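Thanks for asking me to look this one over. Here are my notes, in the order in which I would read the model.

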Amino acid sequence: MDQGRQIEKIWPLTCNGTPRSADIRKFETLGTRSFPIEQGIGEALNFHNGIGPARKQARIGYLKNYWARGPRRCPRSRFILR
(Lines give C-alpha, C1' and ligand atoms only; values in the text may rest on other atoms or scores of the structure.)
Protein backbone atom coordinates (compact mmCIF):
# COMPACT_ATOMS: atom_id res chain seq x y z
CA MET A 1 0.00 0.00 0.00
CA ASP A 2 1.47 3.36 -0.95
CA GLN A 3 1.95 6.18 1.54
CA GLY A 4 -0.71 8.43 -0.01
CA ARG A 5 -3.39 5.80 0.57
CA GLN A 6 -2.32 5.38 4.21
CA ILE A 7 -2.37 9.15 4.82
CA GLU A 8 -5.79 9.38 3.19
CA LYS A 9 -7.24 6.91 5.73
CA ILE A 10 -6.02 8.83 8.80
CA TRP A 11 -8.40 11.54 10.01
CA PRO A 12 -6.66 14.75 11.19
CA LEU A 13 -7.12 15.66 14.86
CA THR A 14 -7.73 19.34 14.09
CA CYS A 15 -10.22 20.89 11.70
CA ASN A 16 -9.20 20.64 8.09
CA GLY A 17 -11.01 21.51 4.88
CA THR A 18 -9.93 18.27 3.19
CA PRO A 19 -9.81 15.57 5.89
CA ARG A 20 -9.78 12.71 3.35
CA SER A 21 -6.84 14.16 1.42
CA ALA A 22 -3.75 12.04 0.74
CA ASP A 23 -1.56 15.13 1.24
CA ILE A 24 0.52 14.94 4.45
CA ARG A 25 0.07 18.71 4.93
CA LYS A 26 -3.49 18.14 6.11
CA PHE A 27 -1.98 17.47 9.56
CA GLU A 28 -0.28 20.90 9.68
CA THR A 29 -3.42 22.90 10.45
CA LEU A 30 -2.46 25.09 13.39
CA GLY A 31 -5.73 26.87 14.06
CA THR A 32 -5.78 30.10 16.05
CA ARG A 33 -2.38 31.00 17.44
CA SER A 34 -1.24 33.63 19.86
CA PHE A 35 0.28 36.47 17.85
CA PRO A 36 2.38 37.83 20.78
CA ILE A 37 3.95 34.41 21.34
CA GLU A 38 4.87 34.13 17.67
CA GLN A 39 6.36 37.62 17.75
CA GLY A 40 8.36 36.75 20.87
CA ILE A 41 10.14 33.81 19.26
CA GLY A 42 12.71 36.08 17.63
CA GLU A 43 13.52 37.83 20.92
CA ALA A 44 13.72 34.49 22.72
CA LEU A 45 16.29 33.33 20.17
CA ASN A 46 18.24 36.58 20.55
CA PHE A 47 18.27 36.08 24.33
CA HIS A 48 19.36 32.44 23.99
CA ASN A 49 22.16 33.38 21.58
CA GLY A 50 23.20 36.28 23.83
CA ILE A 51 23.57 34.03 26.87
CA GLY A 52 25.06 31.19 24.91
CA PRO A 53 24.01 27.55 25.11
CA ALA A 54 26.99 26.53 27.28
CA ARG A 55 26.11 29.02 30.04
CA LYS A 56 22.46 28.02 29.87
CA GLN A 57 23.35 24.32 30.14
CA ALA A 58 25.68 25.01 33.08
CA ARG A 59 22.95 26.94 34.92
CA ILE A 60 20.35 24.22 34.37
CA GLY A 61 22.84 21.59 35.61
CA TYR A 62 23.58 23.69 38.70
CA LEU A 63 19.86 24.10 39.49
CA LYS A 64 19.22 20.38 39.01
CA ASN A 65 21.99 19.48 41.44
CA TYR A 66 20.92 22.18 43.91
CA TRP A 67 17.33 20.93 44.09
CA ALA A 68 18.32 17.25 44.11
CA ARG A 69 20.56 17.63 47.19
CA GLY A 70 17.64 18.04 49.62
CA PRO A 71 15.73 14.86 48.78
CA ARG A 72 19.00 12.91 48.54
CA ARG A 73 19.33 13.28 52.31
CA CYS A 74 16.14 11.25 52.79
CA PRO A 75 17.13 7.65 53.51
CA ARG A 76 14.35 6.16 51.37
CA SER A 77 15.01 8.23 48.25
CA ARG A 78 17.32 7.40 45.39
CA PHE A 79 18.39 9.76 42.62
CA ILE A 80 20.54 9.21 39.60
CA LEU A 81 22.31 12.47 38.73
CA ARG A 82 24.02 12.89 35.41
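1. A definition to begin with: accessible areas here come from the Shrake-Rupley method with a 1.4 Å probe. On that basis, the chain has an accessible surface of about 7700 Å², and carbon and sulfur atoms account for 58% of it. Please keep in mind that this is a predicted model.

2. On the overall fold, the chain has 3 helices and 0 strands, and from the N terminus on the order reads α-α-α. The radius of gyration is 23 Å, well over the 12 Å that the globule rule gives for 82 residues, so the chain is more spread out than a compact globule. Along the principal axes, the C-alpha atoms fill a box of roughly 55 × 40 × 25 Å.

3. Of the 82 residues, 7% count as buried. Among contacts between residues at least 6 apart in sequence, 0% join residues at least 24 apart.

4. Where does K26 sit? Its place is in the loop between α1 (3-9) and α2 (35-51). K26 is buried yet has no salt bridge. The nearest side chain of opposite charge belongs to E8, 7.6 Å away, whereas the cut-off for a salt bridge is 4 Å.

5. What, then, lies around K26? A polar atom of the K26 side chain is 3.0 Å from the backbone oxygen of S21. Leaving aside residues up to four places away in sequence, K26 touches I7, E8, I10, P12, N16, T18, P19, R20 and S21. E8 is thus on the contact list of K26, although no salt bridge is found for K26.

6. How many salt bridges does the structure hold? There are 2. One joins the side chains of R5 and E8, at 2.8 Å from N to O. Both residues belong to helix α1 and are 3 residues apart, about one turn of the helix. R5 counts as partly exposed at 42% relative accessibility, and E8 is also partly exposed, with a relative accessible area of 30%.

7. Another salt bridge brings together the side chains of R25 and D23, with 3.1 Å from N to O. Are these two residues buried or exposed? R25 counts as exposed at 56% relative accessibility, while D23 is partly exposed, its relative accessible area being 32%.

Notes: Residues numbered from 1 in each chain as written. Predicted model: local features only at pLDDT ≥ 70, side-chain atom pairs only at ≥ 80, totals over all residues. Heavy atoms only, no water. Helix = DSSP H or I, 4+ residues; strand = E, 2+ residues; numbered from the N terminus. Buried < 20%, exposed > 50% of the residue type's maximum accessible area, 1.4 Å probe, protein only. Lys, Arg positive; Asp, Glu negative; His and termini not counted. Polar contact = N/O pair within 3.5 Å; in protein donor to acceptor, adjacent residues only side chain to side chain. Contact = heavy atoms within 4.5 Å. Rg over C-alpha atoms; globule rule 2.2 N^0.38 Å.
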